[in-house]
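Good morning, and thank you for making time.

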Amino acid sequence: MNLRLTEEDAALQAKARRFADEVLLPLELECEEHDGLTPDSAVAAKQAVLDLGFQAINHAVSDGGQGLDTFQVMLVEEQWGRVTGALWDVPWRPSIPLAAGTDEQKERFLRPACRGERRDAYAITEEGAGSDVSMVATTARRDGDAWVLDGEKWHVTSGDVADFFLLHAHVDGDPAKATIFLVDKDTPGVRLVRTPKYTHTFVFEHPIFAFEGVRVGDDRVLGEVGQGFELTKDWFVEERLMIGARTMGASERCLDEALAFATERRQFGSPIADFQAIGFMLADMAAEIMAATSMLYRVCWEAARGGVDRKQLHAEASAVKLVCSETAGRVADRAVQIFGGRGYMREQAVERHWRELRVDRIWEGTSEIQRLVIVHELRKRGPAAYTGWPGAEA
């Protein structure tokens, strides 16, 4: 395993950082003040995504994407994670299960989404179903030549700007027949219930939608009937790895900001970085970021270039999300402490990261769920599932 960045990877990473610094960072305070972007800023940012070729980085070139592998997507998302306001979601990354669609489905949904003409939102969580997708109550039943969908979905991230959903439902209420349906937002029976306010600032919203007697044809079944759990698991794997990437980017920025402040801020005649209480916090932040980033890079490299099998990747993605998101929470908390009273001001990036990073220990599977996944793999496959990697025996 050679984890040195190739020239191509290093250039991509640098390009992603420039995009974050020059396009996204200048929008942070606007996003915070307005709880999103103004129309003019949103249009300009979208055009910048297209101009720099950052649309649909996770999909094949043949479908209108950039054809990056998982390791490269991680390099990009890590840099974008340095930005607050979840502005990393401005460059669209269509849900990976869309790649499993028929050519007709790709032409109608995926390819326009890759071009930025459409936008998807994954609708899975419900009031009574979160990490345990077997508890999903949304149903699909046959009625003649149509499927009838009924249910309510919570926390539909980017649902305000999306124009179609990937809806996770159970055929005849049977979890063994979990199926993903492609549902246009303007389909009769789709209703916006409400748009809750959340702790963090997010460039887009997380509305609640009801699906009441929504009728779709067989052409809206993604993959096969009963394949929904596997497709959703593929989505979880990618999202968990990218949460790891973004939380490390946020952690690195928090360390940068805290170190700069501690070097300039003087108390009792010295920079506060000279005091052990502050210096040791900075040292712990750096060491934990180094450890978590190493893990993130290794697992994403394996996913893209190491031939790791699908089941092992699912387990390792859980470990990445757990370690990176928990690390980021500690790093951001220390950064706020180093800033003191100023760290509690929303104009400071460390305050915004501290508030926004909290959700990364919850969505796409809580830290507790990730631990359950890890324990299951430990009992099933032994410690080597986490302590080794392909080729480690040599």
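Let me begin with a definition: helices (H or I, at least four residues) and strands (E, at least two) are DSSP runs, numbered from the N terminus. The model is predicted, so local features need pLDDT of at least 70, side-chain atom pairs count only at pLDDT 80 or more, and totals for chains, interfaces and linings use all residues. Residues are numbered from 1 along each chain as its sequence is written, and side-chain values use heavy atoms, with hydrogens and water left out.

First, the chain as a whole. The protein chain has eleven helices and ten strands. Its radius of gyration is 21 Å, close to the 21 Å that the globule rule gives for 394 residues, so the chain is as compact as a globular protein of that length. That radius is taken over C-alpha atoms, and the globule rule is 2.2 Å times the number of residues to the power 0.38. Along the principal axes, the C-alpha atoms fill a box of roughly 80 × 55 × 40 Å.

Of the 394 residues, 54% count as buried. Buried means under 20% relative accessible area, exposed means over 50%, and partly exposed lies in between (1.4 Å probe, protein chains only). Among contacts between residues at least 6 apart in sequence, 74% join residues at least 24 apart; a contact means heavy atoms within 4.5 Å.

The chain exposes about 17,200 Å², and carbon and sulfur atoms supply 53% of that area. Accessible areas come from the Shrake-Rupley method with a 1.4 Å probe, and for residues only the protein chains shown count as cover. There are 46 positive and 64 negative side chains, and the centres of the two sets lie 2 Å apart. Here Lys and Arg count as positive and Asp and Glu as negative, while His and the chain ends are not counted. The place of a charge is taken as NZ of Lys, CZ of Arg, CG of Asp or CD of Glu.

I turn next to the strands. Two strands pair if DSSP finds at least two bridges between them. Strand 2 (residues 139-143) and strand 3 run antiparallel and are joined by five bridges. Their hairpin has two residues between the strands, and in it Gly144 takes a positive phi near 70 degrees. Strand 3 (residues 146-153) is in turn joined to strand 7 (residues 208-216) by six bridges, again in the antiparallel sense.

Which residues stand opposite Val148 in these pairings? On one side Arg141 stands opposite Val148, and in strand 7 Val148 stands opposite Arg215. Trp147 has Val216 of strand 7 as its bridge partner. Strand 7 also pairs with strand 6 (residues 190-194), antiparallel and over four bridges, where the partner of Leu192 is Phe209.

Now to the helices. Is helix 9 mostly buried or exposed? Seven of the eight residues of helix 9 (residues 349-356) are buried, so this helix is largely enclosed by the rest of the structure. Its buried residues include Arg352, His353 and Glu356, and the buried set packs against helix 2, helix 6 (228-264) and helix 8.

Thr84 lies in the loop between helix 4 (70-80) and helix 5 (103-115), and at 0% relative accessibility it counts as buried. Leaving aside neighbours within four places in sequence, Thr84 is in contact with Glu28, Arg253, Ala349, Arg352, His353 and Glu356.

In helix 8 (residues 310-339) we find Gln312, which is buried at 12% relative accessible area. Gln312 and Glu377 are 65 residues apart in sequence, yet their C-alpha atoms are 8.5 Å apart in space.

Finally, some loop positions. Most residues other than glycine have a negative phi. Asp35, although not a glycine, has a positive phi of about 55 degrees. Asp35 is found in the loop between helix 2 (28-34) and helix 3 (39-52) and is partly exposed, at 30%. His155, likewise not a glycine, has a positive phi of about 50 degrees; its place is in the loop between strand 3 and strand 4, and it is partly exposed, at 37%.

Gly173 sits in the loop between strand 4 (164-171) and strand 5 (178-184), partly exposed at 41%. The C-alpha atoms of Gly173 and Ala137, 36 residues apart along the chain, are separated by 6.9 Å.
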